[in-house]
2 protein chains.
Amino acid sequence: MNDNMQIQLAGTPEGIPQEDDFAVVEAARPEAAQGQVLCETHYLSLDPYMRSQIAGRHMSGSVKPGDLLRGEAVSRVLQSRHPDFAPGDTVRCFAGWQQYSVHEASELHRVSADIEPVSYALSVLGMPGLTAYAGLIWQAQPRAGDVVVIPAAIGGVGATAGQLAKVHGCRVIGIAGSDEKCAYAVEELGYDACINRRRENIAGRLDALCPQGIDIFFDLVGGAMLQTASERLAQGARVILCGLMAEYNSASRGGGPPPGLWIRARATVYGLVVYDFEPRRDEFIAACLPYVRDGRLKMREDIATGLAAAPAAFCRLMRGENMGKAVVKVKLD
Amino acid sequence: MNDNMQIQLAGTPEGIPQEDDFAVVEAARPEAAQGQVLCETHYLSLDPYMRSQIAGRHMSGSVKPGDLLRGEAVSRVLQSRHPDFAPGDTVRCFAGWQQYSVHEASELHRVSADIEPVSYALSVLGMPGLTAYAGLIWQAQPRAGDVVVIPAAIGGVGATAGQLAKVHGCRVIGIAGSDEKCAYAVEELGYDACINRRRENIAGRLDALCPQGIDIFFDLVGGAMLQTASERLAQGARVILCGLMAEYNSASRGGGPPPGLWIRARATVYGLVVYDFEPRRDEFIAACLPYVRDGRLKMREDIATGLAAAPAAFCRLMRGENMGKAVVKVKLD
C-alpha cells in the first residue's frame with residue numbers, strides 16, 4: 001500500500017535550496033519486524049543543520065539525491081512488536097520526512113505527558129532547547145549582569161538561550177534578520193535589545209550596546225558575525241561554537257577569527273555538539289519545565305501544515321524568513 | 001655618569017629583525033628617589049613576545065624607535081630608599097635591556113633562594129614556566145594517557161610544558177626547527193617523539209604519531225600549525241592559545257582555523273595570558289621546585305654574554321636558532 005508520503009532530495013542545491021530540490025514521493029508503508037515499532041509522524045522538526053547534511057558536511061552523515069530527508073519527529077506508535085511500547089504511545093524518533101517510520105525500540109524516546117504542547121518536545125523542551133541549555137548553562141555558566149549576545153535570536157536554539165539568559169539575570173542582545181523578528185525578540189522574549197542584521201551596522205550597534213564588551217557569545221552562525229563578536233569580547237568571555245548557519249548554503253568553508261582576539265580576551269571557547277548531552281536531557285527538562293509553565297520560557301512555532309509543505313518551509317527557514325521554530329504538522333486532524 | 005649601557009630600538013624591522021635594528025647607547029645611571037630602589041641587571045630574559053611589542057601589537061604596549069627595549073630581569077638591589085628592600089637583595093623586575101634600572105618597590109618581586117641557578121627565575125621557575133603550568137595544568141588539566149602536542153618544543157614555555165606533561169603521564173609529541181633540537185627534546189627532555197618542522201611533513205607525521213588524535217595542543221605559534229593540529233583533535237580536546245610566533249615577524253595577522261573543526265572535536269579552547277596567573281605564582285613554584293630538584297624538570301639555557309650581545313641573541317631567537325631558553329648574562333663576573 002503506497003500511502004507513505006515521503007520527501008526525498010531531488011538534487012543537490014547550490015546556495016539557498018529551492019522547492020524543486022525536493023521531490024514528494026509515494027512509498028510503501030514500512031512494516032515492523034519482531035522487536036520493532038511502527039510510528040506515525042505527527043510533528044516534524046525542520047532545523048538548519050539539515051542544510052549541512054545535504055551539503056555532505058554534517059557529522060551525522062550525508063543526504064544525497066534520491067535519499068529520504070532526515071529529521072526528528074514527535075510520532076505516535078501505531079503498532080508495536082516490542083514489549084516496551086504500545087499503540088498510542090507518544091515518542092520522539094528520527095522519523096525523517098515521511099508519514100510512517102519503523103524503528104528499533106532502542107531508537108525511540110518516550111515524550112513525557114508534562115510536555116504541552118507536544119511539539120515543544122522538538123523545540124524549547126527538545127533538541128534545540130537542550131542545545132541552548134548545554135551551551136549557555138553548562139558550558140558558559142552565566143552570571144547575573146553578564147552581557148550575552150545571541151545571533152539567530154528567535155530560532156529554536158537562540159530563543160531558548162536568550163530567555164534562559166534573562167532568567168539568570170543577564171543583559172541579552174539579540175541579532176535577527178528583520179524588524180519584525182527584532183520586535184518579537186524584545187517584546188515577547190524579553191531581549192534587552194535586538195539588532196537587525198540586514199539593516200543595521202552590527203559592529204557599531206554592538207559597540208553602543210555593549211560598551212564593556214561581550215561576556216557570552218552564543219554562536220549559531222560563524223563567518224563574519226563570529227569575527228565581529230570576537231573583536232568585542234570582555235575579559236574572561238565565553239564563546240559557544242554551536243552552528244555555522246552563515247556557511248550552510250555556501251560551497252566552501254571559511255576560516256575563523258584570528259586566535260589573538262581570543263588570547264586578548266582570555267576567552268574560553270567551547271565546541272558544542274548537542275548529542276553529547278543526551279544523557280542529561282532529563283535534568284534539562286526538569287530545570288526548564290517550571291520556566292515553561294510560568295511563562296518565562298516560551299517558543300513561537302512556525303508551523304507548516306501537511307508534509308507536502310515541508311520543502312517550502314525548509315526553504316523559508318534557509319532564507320531566514322521563519323518566525324520562530326520551524327515545525328511541520330504532518331498528521332492532520 | 002654615562003655608565004648605563006642600554007639597548008634601544010633603532011628602526012622598526014620588517015620580517016625577522018637584524019642586528020642593526022638595535023642601537024647600543026650609553027645613558028645616565030638612574031637615581032632612586034625616596035621610596036624607590038636602584039637595581040643592577042644580572043640576567044635579562046629574551047622572549048618571543050618582544051617581537052610583538054616591536055610590531056606594536058602586544059597587549060603590554062609598544063616599543064618604538066628610540067625606546068629602550070623592555071624585558072624581565074633578575075637583578076640585584078644596589079641602593080634602596082624603601083624599607084622592604086636592602087642592598088644585595090635578589091629581585092625580579094622589568095628592568096628592560098639596560099644595566100641599571102630604578103623601580104617603585106611595588107614593582108619588585110623577591111627571588112627565593114630556593115631557585116638555583118638564579119636565572120631559572122626567568123625560565124622554568126619564572127614567567128615561561130608559569131605560562132606552561134597555567135596552560136597545561138590549570139587550563140588543559142592533563143590526564144594520564146593524553147596525547148599532548150607542543151610546537152616550539154624546547155623553548156622556555158614548550159620545554160616546561162612538555163616535561164610537566166610527562167610528569168602527568170601523557171604521551172608528548174614535540175615540534176621543533178632542527179634535528180638537533182628534536183634530538184634534545186627526545187633524549188634530554190623526555191618527549192616521546194619530536195617532528196622537525198623544516199624537514200618533515202607535519203600533518204603526515206602527526207597522523208602517524210597520533211592515530212587517535214590530539215588531546216591537548218599547546219599552541220605557541222598560531223598560523224598553519226594551529227590549523228594542522230586543529231584538524232587532528234581527539235574528541236574533548238583542549239587547545240591552549242598562548243603565542244603567535246608564526247605571525248610575530250609578519251606585518252599582517254592571519255585568521256584562525258574554521259570553527260567547525262573545534263565543534264567537531266568538542267574542543268575547549270583557552271586564551272592564555274600569563275599575567276592573569278601572577279597571583280598563583282607561589283603555588284606554581286611550590287609545585288615545580290620538587291621536579292626541578294629531582295631532575296624531572298630542567299631547562300637548557302642559551303646564554304649570551306654581555307648586554308651588547310643581546311641584539312644578536314634576540315635575532316637568533318627570532319630565526320629559531322636558539323637552543324633552549326634565551327637569556328643574556330648582563331652582569332659579568
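Reader: What makes strand S13 (residues 268-271) of chain A and S13(B) count as a pair?
Author: Strands pair if DSSP finds at least two bridges between them, and these two have 3 bridges, in the antiparallel sense, so they qualify. Within this pairing, Tyr270(A) stands opposite Thr268(B). The strands themselves are DSSP runs of E with at least two residues, while helices are runs of H or I with at least four, both numbered from the N terminus.

Reader: Good start! What kind of model is this, and how are the labels assigned?
Author: The model is predicted, and local features need pLDDT of at least 70, side-chain atom pairs count only at pLDDT 80 or more, and totals for chains, interfaces and linings use all residues. Residues are numbered from 1 along each chain as its sequence is written, with chains lettered from A and ligands numbered from 1 in the order in which they are written.

Reader: How do you know that chains A and B touch, and which element of chain B gives the most?
Author: Residues are in contact if their C-beta atoms, placed from the backbone, lie within 7 Å. By that test, 26 residues of chain B are in contact with 26 residues of chain A. Helix H8 (259-264) and strand S13 (268-271) of chain B each supply at least two residues to this side, and H8(B) gives the most, with 5 residues.

Reader: What classes of residue make up that side of chain B?
Author: There are 15 nonpolar, 7 polar and 4 charged residues. Here Ala, Val, Leu, Ile, Met, Phe, Trp, Tyr, Cys and Pro count as nonpolar, Asp, Glu, Lys and Arg as charged, and the others, Gly among them, as polar.

Reader: Which strands of chain A does S4(A) join by bridges?
Author: Strand S4 (residues 73-80) of chain A is joined to strand S3 (residues 36-45) by 7 bridges and to strand S5 (residues 90-93) by 4 bridges. Both pairings run antiparallel. Cys39(A) has Val77(A) as its bridge partner in S4(A), and Arg76(A) has Thr90(A) in S5(A).

Reader: What puts the buried residues of helix H6 (residues 223-230) of chain B on the same side?
Author: Those residues are Met225(B), Leu226(B), Ala229(B) and Ser230(B). They cover an arc of only 130 degrees around the axis, so they lie on the same side of H6(B). The arc is that of the directions from the helix axis to the C-beta atoms.

Reader: How do you know that the radius of gyration of chain A agrees with a compact globule?
Author: The globule rule is 2.2 Å times the number of residues to the power 0.38, with the radius taken over C-alpha atoms. For 333 residues this is near 20 Å, and chain A has 20 Å, so the two agree. Of those residues, 49% count as buried.

Methods. Two residues are in contact if their C-beta atoms, placed from the backbone, lie within 7 Å. A residue is buried if 20 or more other C-beta atoms lie within 10 Å of its own, exposed if 12 or fewer, and partly exposed in between; C-beta atoms are placed from the backbone.
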